[in-house]
Amino acid sequence: MQQTESMKQKPNVVKNLLMLIMMIAFVVNASAQSSQPVKGVVKDATTGETLIGVNVLIKGTSQGTITDIYGNYELAVDAGATLVFSYIGYVKQEIVVTASRTINVSLKADLAQLEEVVVIGYGTQKKSDRTGAVVSVKADEMNKGVLTDPIQGLQGKAAGVVITKKGGDPNSGFDIKIRGGSGGLETRTSPLYVIDGVPGVDPTTVAPEDIESFNVLKDASAAAIYGSRGANGVIIITTKRGGNKVGNTIEFSTYVSTESVANRLDLLNAEQIRAYAAENNLNFVDGGANVDWQDEVYRRGVSQNYSLSLTGGNESSNYRTSVSHSNFDGVINGSSKERTTARINLDQKALNDKLTFQSGLAGTFEKNNYVNYGGNGPTDILYQTFQRNPTDPVRTEDGEFYNTQRTFNYWNPVALIDQIQNERDAKRFFGFAKATLEIVNGLTLTENVAYTRDDQENFYFEPSTLNLGTTSGLGRREYKNFDSKILESTLNYKNSFGNHNLEAIAGHSWQHDNNTGFSAKGTEPFINYVESNDLSNLLNVQSGDITSYNNGNTLISFFGRAIYNFNSKYFVTGTIRRDGSSRFGANNKWGWFPSASAMWNITGEEFMKNISVLNNLRLRVGFGITGNQEIGNHNAELYYNAAGSSINFETNEQVVKYVYAAAANPDLKWESNREINLGLDFGILNDLISGSIEVYKKNTFDLLGIYSIPVPPNEADKIWANGGKIDVKGLEFNIQAYPLKSKNFEWKTFVTFSTYKQEVISLSTGEFEMGPQDKGYVSVRGGVGTRTQVITPGYGFGTWYMPEYAGLSSDGKFLYYTASGGVTRDFSKAEYRFVGSAQPDFEIGWSNYFTFFKNLDASFTVRAIYGTKIFNTTRLMFGNAVWLPDMNVLQSALEDKARGLNDNPQVSSYYLEDGSFIRLDNLSIGYNIKNIPGFKNIRAYFASNNLLTITKYSGIDPETGYNGTEFGLDQFNTYPKTRTFTFGLNITL
Amino acid sequence: MKNTYLILFLFTAILIGCTDLDEPIIDKVPSNEYTADPIVDMGVIYAPMQEFLDNGGYWFAQELTSDEMVCPTRAGDWDDGGKWRVLHQHTWDNKTEAIASMWSRFYSGVVQANKFIETYQINADKPVVAQAIAKAKILRAYYYYLLIDNYKDVPYVTSFLNAEQQPNKTPRATIFNNIVSEVEENYPLVSYSTSKTAVTKGMVFTLLAKLYLNAEVYTGTPQWAKAEQYCDSVIALNQYSLEGNALAPFVTNNQNSSENIWVIPYDEDNYKGFNLHMRTLHYNSNQTFDMTAGPWNGFAVTEAHFNTFEDNDVRKSGFLVGQQKSSSGADLVDPGAEGAPLVFNPFIPALVMDATYTQVQIRLSGARVAKFEIKLGAKENLSNDFPIFRYADVLLMKAEAVIRQGGNGDEWVNMIRNRAGVDSWSGVTLSQLLEERGREMFWEAHRRQDLIRFDEFNKAWWEKQASTPDRKTFPIPQWAIDANPNLGS
């Protein structure tokens with residue numbers, strides 16, 4: 001108690017100070033008013049507390065004021081005018097001014113507005129009424145600090161939505177997998193994005209500052225409304241709009257942050273290499289320098305963001321317009337990203353509010369500077385940095401880059417960064433226009449037209465002098481364009497008949513996507529200065545160096561949904577969607593995607609009335625079928641595509657070679673995902689503790705795959721076909737609680753937990769068979785073509801399959817287990833074993849939000865991934881003294897040698913490591929200053945990303961993506977994770 | 001209310017209007033549009049040969065399984081999961097890369113030939129088409145010759161439209177008889193041509209000579225006289241002759257070499273696929289040849305085979321041994337081998353050189369091969385044409401066929417030896433002949449077949465233990481069995 005007392009004391013000083021500032025402001029303000037003012041106090045109707053900052057406006061004009069810190073307002077106004085009192089979260093009130101010069105007002109809290117709403121696709125629903133597995137994350141719950149991608153704001157916030165990123169490259173995106181994804185042998189496992197109602201839009205068209213909310217449709221019963229594209233779940237992003245507020249708001253926000261390498265590899269230094277050579281009597285060419293190559297390649301990055309938005313309007317029209325500019329420096333020299341996003345959202349009502357017109361227009365302009373990394377090639381920066389001998393100088397005495405060929409593909413990474421041009425210029429446009437007309441009461445028609453376009457241009461150049469001229473140089477320009485047109489019509493009917501409440505929707509959607517691109521390249525640049533800016537500088541351009549493409553696909557859908565509830569106790573939702581896609585075979589272009597779900601509001605029952613501790617208990621069950629069509633275009637048909645020039649043996653003339661990809665399959669159809677979901681929502685002690693628990697079982701069938709077929713009789717040895725089954729079972733829950741909730745101090749904590757198990761059931765179509773699929777090929781010297789994973793029935797994706805390490809022999813050789821249970825030093829006699837999985841056992845997210853005296857707030861987010869195994873190819877490559885003294889190695893190589901290891905590295909479980917981690921993703925502390933005259937709010941904050949990571953993993957970072965069919969391989973392609981410190985300011989006018 | 005109906009009508013109209021899912025292919029060629037004239041269409045039948053020296057696996061399977069070539073494991077380099085090692089030690093299985101790759105290249109040629117023959121049958125009354133069909137049948141026979149040589153019993157399919165979905169295997173001898181008679185039936189239609197890439201009479205006679213020379217391996221019945229007859233047919237064409245210099249057929253601009261009968265016309269830009277120099281040259285050998293690509297330091301000749309060359313043998317200059325020099329004549333060093341001089345040593349201490357070997361041993365062991373000229377400024381692919389059939393080979397086959405029939409082959413063997421600058425032999429024995437073939441035909445993908453015909457393939461040499469007779473052919477790849485279980489038994 002004493003503690004609370006003392007805590008109350010401090011802010012009083014602040015409060016008094018603020019009061020003083022306000023009073024001065026008030027006096028200044030008041031002196032500007034004319035005579036005969038109307039005065040009054042605005043209070044909360046329930047608590048009686050005065051309300052600060054309430055908008056008071058003379059209706060039909062732009063004249064008005066706001067209430068001060070005592071809730072007082074004063075405004076010159078003639079009798080007969082109407083005053084409009086509006087305040088966020090309260091019901092607007094209008095009062096006609098009479099002769100009385102004092103008007104005190106009590107505003108009622110707007111329950112409808114306070115009740116959380118979820119977006120469910122083609123509509124919204126009260127959160128408590130939902131029947132499917134839908135989660136909603138609001139803007140204020142998003143991650144703070146530097147967000148290189150808007151989806152980062154959702155990381156760790158929604159149970160079952162695993163958002164990860166391998167490394168800290170500002171130019172690479174996040175892997176998002178909902179409930180373990182669905183299928184994905186050849187189809188993608190990332191979810192469908194729906195932005196402002198338009199499906200298939202890239203989320204990077206949205207600036208994080210413009211996001212109002214994320215809504216995730218996790219289960220098939222909820223996602224079935226998106227039919228053939230719902231199998232991996234749906235993420236709906238809603239951007240901020242003008243809303244119903246009257247008056248103008250200007251928001252300006254900015255931050256600056258510094259980024260540093262969070263963890264680097266522990267490599268030997270020059271002295272250690274020299275000592276090693278001396279100890280072991282090895283002569284080697286000492287470059288004479290002492291260089292920490294990681295220092296030469298890494299840097300401290302600075303990122304900045306500026307964003308400005310204007311919101312305003314009146315009763316019939318509203319707008320929000322914003323522009324945001326960010327600049328991210330990568331911690332590897334030469335990598336950076338610059339992004340500008342602009343957006344205009346308009347809302348207009350007409351015909352006595354019966355017609356609503358909404359539109360949005362957004363543009364994203366992005367410039368990227370890339371560095372090559374990810375393999376062990378001659379231009380791969382990380383590999384070159386790690387292997388580089390620290391005695392080799394960066395430059396010669398003449399100032400030229402120093403290069404020597406100590407070994408194959410051994411080149412100076414600083415020179416590579418300096419000499420290679422690798423840039424991208426991307427532009428994305430997104431626009432929609434939507435008209436909603438109320439035809440008769442309860443029946444509305446909506447027409448929505450949308451267009452998106454993603455254009456990108458790439459510049460790549462390697463000079464002919466690169467790497468001592470062992471290359472003929474390369475110049476390349478590429479354009480990749482994508483556009484999508486969508487036309488959607490929906491009819492919506494909503495009505496209540498006594499206790500029967502019905503909402504139904506019927507719709508049609510037509511979408512056409514088109515991909516076009518152009519690429520030209522050549523070698524032997526005549527003058528390197530020109531880079532790829534003018535390709536006519538290239539002397540050697542071959543047939544096939546110029547390529548282009550142009551292909552499209554059409555998706556047509558009919559859909560309907562009915563939501564019914566009886567007396568807000570029993571809820572039923574039924575959805576049906578029929579999708580047709582041009583991607584499939586002539587016999588199977590159309591597919592059905594039905595779903596049904598129900599919810600029982602148990603707290604609505606009589607027998608629950610006595611259990612007052614439980615204020616909410618709802619049971620949900622859902623079943624649905626969703627589809628996946630994310631394969632390339634025209635895979636059901638046999639076609640020939642140009643594959644470079646060739647020579648005709650008959651005529652000895654040059655010809656264009658045509659090759660075929662796959663045999664025709666007129667039966668090719670949708671990959672489908674069947675899912676059953678059981679959910680329980682609860683609220684205890686008036687939602688002091690609330691949450692949801694979900695269990696689900698998914699079965700993906702008719703898996704799209706590429707099967708081998710015999711040649712002869714077939715011309716192509718592959719065919720696209722449907723077959724195979726994959727099961728996913730999972731459990732997830734989220735709990736939200738208020739461990740402390742008082743007038744001046746609030747602590748909200750939020751925990752998400754998710755776990756799932758994936759199992760391949762079969763890889764057969766009945767007609768065609770697919771053997772175990774080798775995956776996860778490691779790319780190290782001498783290890784090219786060694787698989788580390790296998791996809792086979794009985795196991796999930798990411799299953800490690802390799803010889804199992806059985807210790808060292810007395811003379812320091814690796815020992816492996818054999819099939820007979822013994823051990824062998826002969827790698828070729830080792831048994832391949834299932835030695836774990838890259839898929840995590842579970843993921844936990846823990847978010848905390850603190851508010852002190854309504855002014856000071858703080859938040860932090862912890863995320864943990866447990867039970868994943870990572871194959872550390874970086875250690876396989878650099879963790880062995882065999883490369884010394886010419887190539888650098890990790891400190892652990894000396895430790896291994898000291899233990900007696902004296903053998904060549906081979907792919908085995910010796911290099912498999914626990915990739916579990918706990919990470920303090922995000923920490924922020926902010927202070928809000930309200931009601932400075934002329935300012936609605938000023939917020940200053942400090943934030944940090946990736947402040948702390950706890951892991952046993954020995955590589956750069958244990959976080960990895962989980963998309964696709966192979967993951968968990970760390971082979972010098974982990975761009976260092978960054979630790980950022982951010983200072984930011986948000987100003988609202 | 002009128003408006004309501006109008007709106008609902010429009011809504012319905014839109015629904016019905018938009019159901020067209022037709023999406024034509026415009027940036028690729030649909031199968032019904034893919035036609036040209038027969039000469040252009042023949043190109044796809046030859047196409048699989050482009051990959052013979054690299055991803056196709058053919059060269060690897062013929063050379064690395066033999067006693068003349070090896071790809072040693074050089075510490076962490078070139079082990080590649082054992083895919084080279086198992087070839088040399090005859091411990092491959094049906095997933096080994098080279099074995100899995102060859103199959104698809106050979107059958108791709110067969111299927112394209114089948115399709116071509118059936119597509120153009122309707123116009124077979126035109127002489128141009130008739131000759132093209134004859135050539136397609138001969139090419140198909142060539143691919144079946146490679147199939148029975150490498151895989152023994154394989155499905156024998158000669159139709160595209162009426163082929164069985166999952167054909168069974170046909171015995172090797174049956175296929176042999178069929179293809180021999182098909183080639184003999186069709187070659188009269190092949191007109192005279194100086195082409196070294198198209199099917200010509202010279203190519204056909206050499207193919208028949210090869211088939212008959214190996215008839216005993218394929219059928220159990222030797223046919224030496226027939227082999228000799230077709231060697232004579234090649235000689236009688238008077239179209240081919242030995243070059244003066246033993247290495248002249250292998251220079252960069254060898255497209256007009258009088259010695260080459262049938263070649264793969266590689267080009268560094270327009271017909272890539274000949275990159276064996278990248279596999280054999282040392283990382284730093286790029287400085288010797290001013291290359292614009294850094295080679296990979298892998299393949300080497302076995303020491304025993306290197307030693308079969310006499311010092312004055314002109315062909316020995318096709319090896320790189322001893323101190324290597326830069327293009328300007330300076331001695332090269334290997335910075336990765338403790339700065340040691342870049343000296344190739346023919347001695348290879350072990351097939352697997354692990355960390356216990358010195359960097360000099362690991363990196364510099366084994367003589368390297370430059371039989372095919374590596375021009376200054378060579379790129380990652382060479383422009384030298386690669387001979388499949390060569391006149392010197394025909395002369396040696398002639399000698400072998402004569403000796404095997406009890407005759408004397410000195411004349412033809414000595415033509416080869418004298419050109420190489422080594423002494424004549426008299427009373428050449430079969431084992432001498434095999435040795436001479438080893439020297440003359442080295443690196444040209446004949447060694448495996450030769451060793452099998454002389455029954456030397458399964459013997460032990462160096463780090464290769466004696467292998468069982470079933471290793472004379474390769475197993476059918478697992479992926480092909482997965483696609484057609486009838487190939488499994």
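In H7(B), the residues Ala134(B), Lys137(B), Ile138(B), Arg140(B), Ala141(B), Tyr144(B), Tyr145(B), Ile148(B) and Asp149(B) meet Arg172(B), Ile175(B), Phe176(B), Ile179(B), Glu182(B), Val183(B) and Asn186(B) of H8(B). By class, this contact has ten nonpolar, one polar and five charged residues. Here Ala, Val, Leu, Ile, Met, Phe, Trp, Tyr, Cys and Pro count as nonpolar, Asp, Glu, Lys and Arg as charged, and the others, Gly among them, as polar. Contact means heavy atoms within 4.5 Å, and helices are DSSP runs (H or I, at least four residues) numbered from the N terminus.

Before going further, I note that this is a predicted model, in which local features need pLDDT of at least 70 and side-chain atom pairs count only at pLDDT 80 or more, while totals for chains, interfaces and linings use all residues. Residues are numbered from 1 along each chain as its sequence is written, chains are lettered from A and ligands numbered from 1 in the order in which they are written, and side-chain values use heavy atoms, leaving out hydrogens and water.

How do H7(B) and H8(B) run, and at what angle do their axes cross? The axes of H7 (residues 127–151) and H8 (residues 172–186) of chain B come within 9 Å and cross at roughly 155°. Axes are lines fitted to C-alpha atoms, for helices over the stretch in contact, with angles from 0 to 180 degrees between N-to-C directions. The two helices are therefore roughly antiparallel to each other (angles over 145 degrees). Their crossing is left-handed, that is, the near helix is turned anticlockwise from the far one by less than a right angle.

I turn now to a second pair. H17 (residues 410–419) of chain B and H18(B) have axes that come within 11 Å and cross at roughly 40°. Val413(B), Ile416(B), Arg417(B) and Arg419(B) of H17(B) make the contact with Leu433(B), Glu436(B), Arg439(B) and Glu440(B) of H18(B). Three nonpolar, no polar and five charged residues take part.

Glu436(B), in H18 (residues 430–440), is buried, with a relative accessible area of 0% (buried means under 20%, with a 1.4 Å probe and protein chains only). Leaving aside neighbours within four places in sequence, Glu436(B) is in contact with Arg315(B), Val413(B), Ile416(B), Arg417(B) and Trp425(B).

Technical notes: Buried < 20%, exposed > 50% of the residue type's maximum accessible area, 1.4 Å probe, protein only. Parallel < 35°, antiparallel > 145°, perpendicular 65-115°, else oblique.
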